[in-house]
Amino acid sequence: MQKQESTDIETIHTLNELRFIQKMNKSLTTVLNDKIHQIEKLNKHLAEQNSKKDDFISIATHELKSPIHPILGFAELAKTGIMSNDEAWTGVVEMATQLQNLIGVILDANHIDRNSLKLTISEINLKDIITQKVMISKSSPDCMVPILCELGDDMIISGDIVRLGEVFQNLLNNSIKFTETGFIKVSGHVDKSNNEILLRFSDSGTGIPTEVEENIFEKFVTKNTDSQKPGTGLGLFVSKGIIESHGGKIYANNNLDAGATFTIILPITQLESHQ
Ligand SMILES: Nc1ncnc2c1ncn2[C@@H]1O[C@H](COP(=O)(O)OP(=O)(O)OP(=O)(O)O)[C@@H](O)[C@H]1O
Ligand SMILES: [Mg+2]
């Protein structure tokens with residue numbers, strides 16, 4: 001009788017253990033499935049990044065190679081006397097500048113990735129920088145529409161004049177690239193109550209394609225129609241890095257009627273150079 005009782009107790013223990021193991025098994029399976037799902041997601045993301053990187057390498061290689069032929073061509077033409085030295089030098093400088101700009105953007109993107117972007121800070125008036133960039137853009141042969149400028153009072157902040165100039169030029173270049181009719185408009189004012197400067201770059205162009213809307217500020221994200229020159233997809237990534245290193249923010253959205261608007265908010269605070 002006593003033996004039967006102890007066997008019953010043992011059976012109950014074994015059953016309890018089995019139930020416990022079953023429960024553990026179930027929760028382990030859930031954890032494992034979650035992990036597998038996470039790894040699959042990560043894998044997909046890595047594959048996408050890899051393919052974007054491949055696209056970037058082929059575009060960058062093409063862009064890096066294309067000015068070299070004309071540079072050699074100008075040198076050859078000047079050497080044989082078919083072209084004047086002056087004309088050849090102008091061509092060489094233009095092509096070399098194109099190369100230098102592309103290499104600059106690639107280096108900037110690398111610094112932003114590593115959080116090592118250097119800023120040279122001084123007191124600057126954004127109104128002057130934007131006005132200058134708008135003038136350059138207006139004279140671009142690619143610009144098909146008028147560029148309107150509505151800038152309020154002097155917009156003085158402490159910032160890097162060259163880097164912020166790059167951001168404004170990037171945004172204007174994008175608007176020029178995607179706007180064939182209508183207008184491009186740049187507006188800006190000082191928001192004294194929040195101690196910040198608000199800038200808007202808008203256009204009446206094609207608008208941001210849905211495929212890139214969500215990750216437009218990520219590296220290598222680019223989408224142009226076939227007839228347009230392919231981009232590297234670094235312009236907005238670098239622009240965001242520069243604005244954020246000034247403590248600011250940048251947003252993108254499509255307009256209700258047509259085109260896109262990029263909004264920048266920059267704080268009016270004292271910054272120090274990161275050398
Ligand atoms: N003003 C705009 N209107 C419509 N789409 C835009 C505009 N600005 C950017 N985009 C979209 O965002 C993408 C990313 O822009 P980004 O400036 O980073 O790269 P990109 O212009 O393609 O190449 P690049 O590195 O030569 O500037 C563009 O390819 C385009 O699809
Ligand atoms: Mg661009």
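What separates the centres of domain 1 and domain 2, taken over C-alpha atoms? The answer is 26 Å.

Hello everyone, and thanks for coming. Some housekeeping: this is a predicted model, where local features need pLDDT of at least 70, side-chain atom pairs count only at pLDDT 80 or more, and totals for chains, interfaces and linings use all residues. Residues are numbered from 1 along each chain as its sequence is written, chains are lettered from A and ligands numbered from 1 in the order in which they are written, and side-chain values use heavy atoms, with hydrogens and water left out.

Let's begin with the domains. The assignment for the protein chain gives domain 1 as 66–113 and domain 2 as 122–267; such bounds come from an automatic or database domain assignment. The contact between them takes 7 residues from domain 1 and 9 residues from domain 2, where contact means heavy atoms within 4.5 Å.

How much area is buried between domain 1 and domain 2? About 650 Å², with carbon and sulfur atoms giving 69% of that. Buried area here is the accessible area (1.4 Å probe) that two parts lose on being put together, summed over both.

Between the two domains we count 2 salt bridges, each a side-chain nitrogen of Lys or Arg within 4 Å of a carboxyl oxygen of Asp or Glu. On the side of domain 1 that touches domain 2, there are 5 nonpolar, no polar and 2 charged residues. For that tally, Ala, Val, Leu, Ile, Met, Phe, Trp, Tyr, Cys and Pro are nonpolar, Asp, Glu, Lys and Arg are charged, and the others, Gly among them, are polar.

Elsewhere in the model, two asparagines are worth a look. Most residues other than glycine have a negative phi. Asn115, however, has a positive phi of about 60°, and for Asn195 phi is positive too, near 55°. Asn115 sits in the loop between helix H3 (85–113) and strand S1 (122–125); helices (H or I, at least four residues) and strands (E, at least two) are DSSP runs, numbered from the N terminus.

Is Asn115 buried or exposed? Asn115 is exposed, because its relative accessible area is 75%; the cut-offs are under 20% for buried, over 50% for exposed and partly exposed in between, with a 1.4 Å probe and protein chains only. Asn195, in the loop between strands S4 (184–191) and S5 (196–203), is partly exposed at 41%.

Last stop: Pro146, in the loop between helix H4 (126–138) and strand S2 (147–151). Leaving aside neighbours within four places in sequence, Pro146 contacts Gly182, Phe183 and Ile184.
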